Amino acid sequence: MLIEKMVLDRILEQRRSIRQFDITELPEEKLEAVIEAGRLAPFAGLVQKNTDSFRHFFVIHRDSETAAKLKALCEEARHEEVIRIEALGLGQKYPEAAKIAKAISEKPANDIFISPWLIVIAERGGLPQREEVCLGYIMENMWLKATEMELAFKICSGVSDIKNKDGLKELFGLPMDEVYAFDACNIGYPLNPITERREHEKPVKSIKYFR
Ligand SMILES: Cc1cc2nc3c(=O)[nH]c(=O)nc-3n(C[C@H](O)[C@H](O)[C@H](O)COP(=O)(O)O)c2cc1C
């Protein structure tokens, strides 16, 4: 049976990582339309039962004081990562990634602000631990919404790589006695027209039925 493609199928096909941003800033209404898609993403029901304050969005301008503090946390994490890679000898198994980790640790973390705005998302965790998984759902909802709005969007792993969660909680005024997972995305207008994804950038079709 052939299933006809719908609006969502087109958006799924069009979604891609856009790494070059225009300097023009997105207005708050557009930022918040994307954030609303993240707010609607699933959450861990049992963990967050009877609470509604477990998900936060922080919208950070690249010229702000908060941006400078976030960059410092990111640089600290990158230095620690190089030490970890060396201690565990990971350079042998992942030579290319280890080389990149070393190179980026030697530079200021300006790359996390390649767009005028960065959105950091914090999801409170608990028991059972589901916060990291929830961030994935939030991010994908936001990414698809941004795609529909023809915006540029890129995951910014520099923030989720920060191991100093206390530093992040302090920076964003979150309760220090709670567990949070963090992720971030760059968002803005694309510098160049968004082109079609290339076929080879997708994983091959791999579906196996067990009947
Ligand atoms: C968990 C995760 C983290 C990622 N982190 C980054 C990142 O920090 N910087 C970046 O440029 N792309 C990042 N990406 C984007 C991937 O490189 C990208 O999704 C992949 O190359 C496929 O390209 P597409 O998004 O255009 O389909 C990340 C993707 C995932 C799923």
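Okay, ground rules before the tour. We're looking at a predicted model, where local features need pLDDT of at least 70, side-chain atom pairs count only at pLDDT 80 or more, and totals for chains, interfaces and linings use all residues. Numbering runs from 1 along each chain as its sequence is written, and side-chain values use heavy atoms, with hydrogens and water left out.

Let's start with the ligand. Around the ligand you'll find Arg15, Arg16, Ser17, Arg19, Trp143, Lys154, Ile155, Cys156, Ser157 and Arg197, where being near means having a heavy atom within 4 Å. That shell splits into 3 nonpolar, 2 polar and 5 charged residues. For the classes, Ala, Val, Leu, Ile, Met, Phe, Trp, Tyr, Cys and Pro are nonpolar, Asp, Glu, Lys and Arg are charged, and the others, Gly among them, are polar.

Now, which side chain has an N or O atom 2.6 Å from a nitrogen atom of the ligand? That's Ser157. On the oxygen side, an N or O atom in the Arg19 side chain sits 2.6 Å from a ligand oxygen, and a polar side-chain atom of Arg15 is 2.8 Å from an oxygen of the ligand. The protein buries 55% of the 620 Å² that the ligand exposes when taken alone; those areas are Shrake-Rupley with a 1.4 Å probe.

On to pockets. By pocket I mean an open set of points on a 1 Å grid over the protein atoms alone, where a 1.4 Å probe fits, with protein on both sides within 12 Å along at least five of seven lines; lining residues have an atom within 4 Å of a point. Helix α5 gives the most, with 4 residues.

The second largest pocket comes in at about 200 Å³. Gln14, Arg15, Thr147, Glu150 and Ile194 are the closest to its centre, out of 13 lining residues.

Glu150 is in the loop between α6 and β3, and is exposed at 62% relative accessible area, exposed meaning over 50%. Asn50 also has a positive phi of about 60° without being a glycine.

Last stop: Leu127 and Pro128 are joined by a cis peptide bond, with omega about -5°.

Definitions and conventions: Polar contact = N/O pair within 3.5 Å; in protein donor to acceptor, adjacent residues only side chain to side chain. Helix = DSSP H or I, 4+ residues; strand = E, 2+ residues; numbered from the N terminus. Points joined across faces, edges and corners; volume = space filled by probe spheres on them. Buried < 20%, exposed > 50% of the residue type's maximum accessible area, 1.4 Å probe, protein only.
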